[in-house]
Amino acid sequence: MPRVLIVWHSATGGAKALVEAILEGANDPSIEGVEVVSLPAPEAAVDDVMAADGYLLVTPENFGYMSGALKDFFDRTYYPCLEHTRGRPFGLAVRAGGDGTGAVAAVTPLTTGLGWKEVAPPVIAAGDLTEAHLAAARDLGATLAAGLAIGLY
Ligand SMILES: Cc1cc2nc3c(=O)[nH]c(=O)nc-3n(C[C@H](O)[C@H](O)[C@H](O)COP(=O)(O)O)c2cc1C
């Protein structure tokens, strides 16, 4: 069964709200035959990345970059996974007080280097969290999971 791996970090719950919305979308009852695994970034290891078929990354923007925990996840997994996960689909969601573009710019070279294919534009929840942000996060989760379910990627 195809597996979606959600790798996330949230220090104070801001990005966690996006994770929950993504989980809701990916676990939509209309999507059958996909396993969804959600791991805090410090717990996500090389084996988890290898065993998944698609990825959803969720981070706050901290100091104009991805969170340190997500950076550490890439530090530990990038090279071991480099030639083994090419072409797999992914999506990114960012929670930010400002515009969130620094976190997107930080993640993009790594996902590009890995050869992952982005299934939708990044969800950037900037400023106050809105229902539109949560709806976009639900859509992102559903898009990746549904695409894997039907063999689109
Ligand atoms: C140490 C720190 C640095 C931050 N740096 C940025 C930043 O560079 N740009 C930005 O848009 N928001 C920044 N923020 C705001 C966070 O992105 C925002 O509060 C977010 O909701 C935190 O998510 P979390 O609760 O999931 O950790 C920063 C927050 C903290 C605590």
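This is a predicted model: local features need pLDDT of at least 70, side-chain atom pairs count only at pLDDT 80 or more; totals for chains, interfaces and linings use all residues.
Author: Residues are numbered from 1 along each chain as its sequence is written.

Reader: How many helices and strands does the protein have?

Author: The protein has five helices and six strands. Both are DSSP runs, numbered from the N terminus: helices are H or I with at least four residues, strands are E with at least two. Along the sequence the pattern reads β-α-β-α-β-α-β-α-β-β-α.

Reader: What makes the radius of gyration of the protein agree with that of a compact globule?

Author: The radius is taken over C-alpha atoms, and the globule rule is 2.2 Å times the number of residues to the power 0.38. For 153 residues a compact globule would come out near 15 Å; the protein has 14 Å, so the two agree. The C-alpha atoms fill a box of roughly 35 × 35 × 25 Å along the principal axes.

Reader: Why is Ala145 called buried?

Author: Buried means 20 or more other C-beta atoms within 10 Å of a residue's own; exposed means 12 or fewer; partly exposed lies in between, with C-beta atoms placed from the backbone. Ala145 has 26 within 10 Å, so Ala145 is buried. Of the 153 residues, 42% count as buried.

Reader: Why does Gly68 count as partly exposed?

Author: Gly68 has 16 C-beta neighbours inside 10 Å, so Gly68 counts as partly exposed. Gly68 lies in helix H3.

Reader: Where does Ala145 lie, and which residues is Ala145 in contact with, leaving aside neighbours within four places in sequence?

Author: Ala145 lies in helix H5, residues 131-149. Contact means that two C-beta atoms, placed from the backbone, lie within 7 Å. By that rule, the partners of Ala145 are Val4, Ala26, Ile31, Val34 and Val36, once neighbours within four places are left aside. Other buried residues of H5 include His133, Leu140 and Leu148. Their cover includes E1, H1, strand E2 (35-40), E3, E4 and strand E6 (123-126).

Reader: How do you know that the span of H3 agrees with what it should be?

Author: The expected span of a helix is 1.5 Å times one less than its number of residues. H3 (residues 68-81) has 14 residues and should span 20 Å; its end C-alpha atoms are 19 Å apart, so the span agrees. H5, with 19 residues, reaches 26 Å, close to the 27 Å expected.

Reader: What is the kink in H3, and where is it centred?

Author: H3 has a kink of about 30 degrees, centred on Asp75. The bend at a residue is the angle between axes fitted to the seven residues ending there and the seven starting there. The buried residues of H3 are Ala69, Leu70, Phe73, Phe74 and Thr77. These pack against strand E1 (3-8), helix H2 (46-51), strand E3 (54-60) and helix H4 (101-114).

Reader: How many residues surround the ligand, and what classes do they belong to?

Author: The ligand is surrounded by 18 residues, the closest being Ser10, Gly14, Ala15, Pro60 and Gly98. A residue is near a molecule if its C-beta atom, placed from the backbone, lies within 6 Å of it. The shell has five nonpolar, 10 polar and three charged residues. Nonpolar covers Ala, Val, Leu, Ile, Met, Phe, Trp, Tyr, Cys and Pro; charged covers Asp, Glu, Lys and Arg; the others, Gly among them, are polar. H1 gives the most to the shell, with three residues.
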